[in-house]
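Reader: I would like to go through a few of the labels used for this model and ask what each one rests on.

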Amino acid sequence: MTTNGEKTTVALVTLGCARNDVDSEELAARLEAGGFALVEDAADADTVMVNTCGFVEAAKKDSVDTLLAAADYKDGGKARAVVAVGCLAERYGEQLADALPETDAVLGFDDYDDIADRLQAILSGTKHIPHVPRDRRTLLPLAPAARAGVATSVPGHASVQAMDATSVDAPDLVRAPASGPRVVRRRLDGGPVAPLKLASGCDRRCAFCAIPAFRGAFVSRRPTDVLGEARWLVEHGVREVFLVSENSTSYGKDLGDLRLLETLVGELAGVDGVDRVRVSYLQPAEMRPTLVTALCSTPGVAPYFDLSFQHASGPLLRRMRRFGDTERFLDLIAQIREQAPAAGIRSNVIVGFPGETEADVDVLCDFLDRSRLDAIGVFGYSDEDGTEAASFDRKLDEDTIAERVDRVSRLAEQVTAERAAARVGETVEVLLESVSAEDPGVAEGRAAHQGPEVDGSTTVTGPGAEAAVGALVTATVVGADGVDLVARVR
């Protein structure tokens with residue numbers, strides 16, 4: 001789209017998880033192919049598009065605040081429109097549009113395929129009619145095996161047949177094989193690590209989680225699409241691919257092979273230019289010995305286990321509509337560490353769930369103390385619209401939840417700091433993500449046990465630390481500060 005001979009600019013502001021990052025890069029590619037020019041700073045854009053998060057109350061508030069802040073650019077600034085996309089927009093649709101008149105349009109996932117046309121119409125003065133929220137699980141057959149070939153919009157899964165490079169004004173978008181699928185993605189972050197969507201949606205029915213209702217039923221991407229996108233990412237400077245989904249352990253069940261992930265990680269590690277493959281969002285109840293072995297022993301695959309335990313009290317987990325308990329979880333951790341003693345294991349836990357007792361909290365704390373996890377996220381329970389738990393009795397008051405969050409968080413900090421300190425003397429491979437401008441002999445990156453954003457980092461010193469961003473260097477851990485490590489190149 002052009003105005004007075006110049007392309008209309010759009011800034012994408014992304015909130016939430018790595019899955020949203022992938023979705024934003026698909027939107028960026030579609031917008032660029034539709035004639036828009038992307039800019040980094042929202043203050044310089046004709047349009048601000050906010051990719052929202054709708055997971056928990058704090059994330060929803062952050063999304064609303066960001067939309068309101070973006071609307072300020074229309075008052076005396078360059079912006080002509082502010083548009084909401086993403087999970088909050090999909091989850092609430094017309095409700096969000098009514099509550100936020102400062103936002104010019106609220107677009108759902110079904111609008112993504114035609115996002116450039118939608119935005120052009122909005123800028124031309126056409127009023128967009130927001131969608132009525134619906135349960136997206138109903139869009140696909142109940143049986144996973146029957147989902148293949150059913151047409152539905154799934155963000156981050158776009159792959160269309162290669163087209164003539166002159167047919168779109170987005171050269172980056174059409175750098176593709178001579179035949180076969182073309183990657184619909186435009187990198188917004190030039191770092192050496194990139195999320196790669198493995199699947200979308202979830203078939204589980206955890207009592208506290210609303211995600212399946214607005215992300216839909218579980219759908220795997222085909223291995224050829226995942227591998228093709230990995231090759232494309234390498235061409236754009238990526239050295240570590242970070243596999244993301246709502247539940248990676250389910251990968252392949254709708255393609256007829258529940259052990260497909262075990263094969264795929266090795267194929268991805270074999271892609272020329274990929275130095276490390278990392279898998280996130282593993283469901284403890286679906287872990288299997290073959291997957292543990294694949295993640296522990298496949299060359300080029302990080303022995304990294306992002307396991308959502310959520311709690312450790314068996315009775316409370318059943319109330320959450322989940323499975324497991326302290327002993328089952330400790331047994332899984334033991335299986336992992338028997339095969340890979342230095343494996344990274346992280347988890348999230350919820351405290352204050354309706355019906356949680358002090359005894360349940362004691363069980364959780366005992367588990368965390370014995371598990372020696374590398375990273376732990378602690379969240380206080382809050383009711384989520386449309387979830388089963390929102391109707392539960394025995395709700396806890398906010399002060400009690402806050403006290404329990406504080407108690408468990410302090411223990412989590414202690415456990416993870418001790419685990420990091422125990423790594424002193426270990427040999428680690430660190431993927432460098434930045435080099436100090438003041439001291440070229442100091443760099444920062446992440447070891448195999450440290451996932452992006454949330455698991456800490458490793459500062460590398462010594463000869464060889466001046467290697468370029470994206471280099472994988474071998475170093476010895478010489479110190480720890482909380483979950484962060486200091487290592488010296490050997």
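Reader: Which residues of helix H5 are called buried?

Author: In H5, residues 115-123, they are Ile-115, Ala-116, Leu-119, Ile-122 and Leu-123. Buried means under 20% relative accessible area, exposed over 50%, and partly exposed in between, with a 1.4 Å probe and protein chains only. Helices (H or I, at least four residues) and strands (E, at least two) are DSSP runs numbered from the N terminus. This is a predicted model, in which local features need pLDDT of at least 70, side-chain atom pairs count only at pLDDT 80 or more, and totals for chains, interfaces and linings use all residues. Residues are numbered from 1 along each chain as its sequence is written, and side-chain values use heavy atoms, with hydrogens and water left out.

Reader: What do the buried residues of H5 pack against?

Author: Their partners are strands E3 (9-14), E5 (47-52), E6 (81-86) and E7 (105-106), and helix H1 (18-33). Contact means heavy atoms within 4.5 Å.

Reader: Why is Gly-237 called partly exposed?

Author: Its relative accessibility is 35%, so Gly-237 counts as partly exposed. Gly-237 lies in the loop between helix H7 (223-235) and strand E13 (240-244).

Reader: Which residues does Gly-237 touch, not counting those up to four places away in sequence?

Author: Gly-237 touches Gly-191 and Pro-192.
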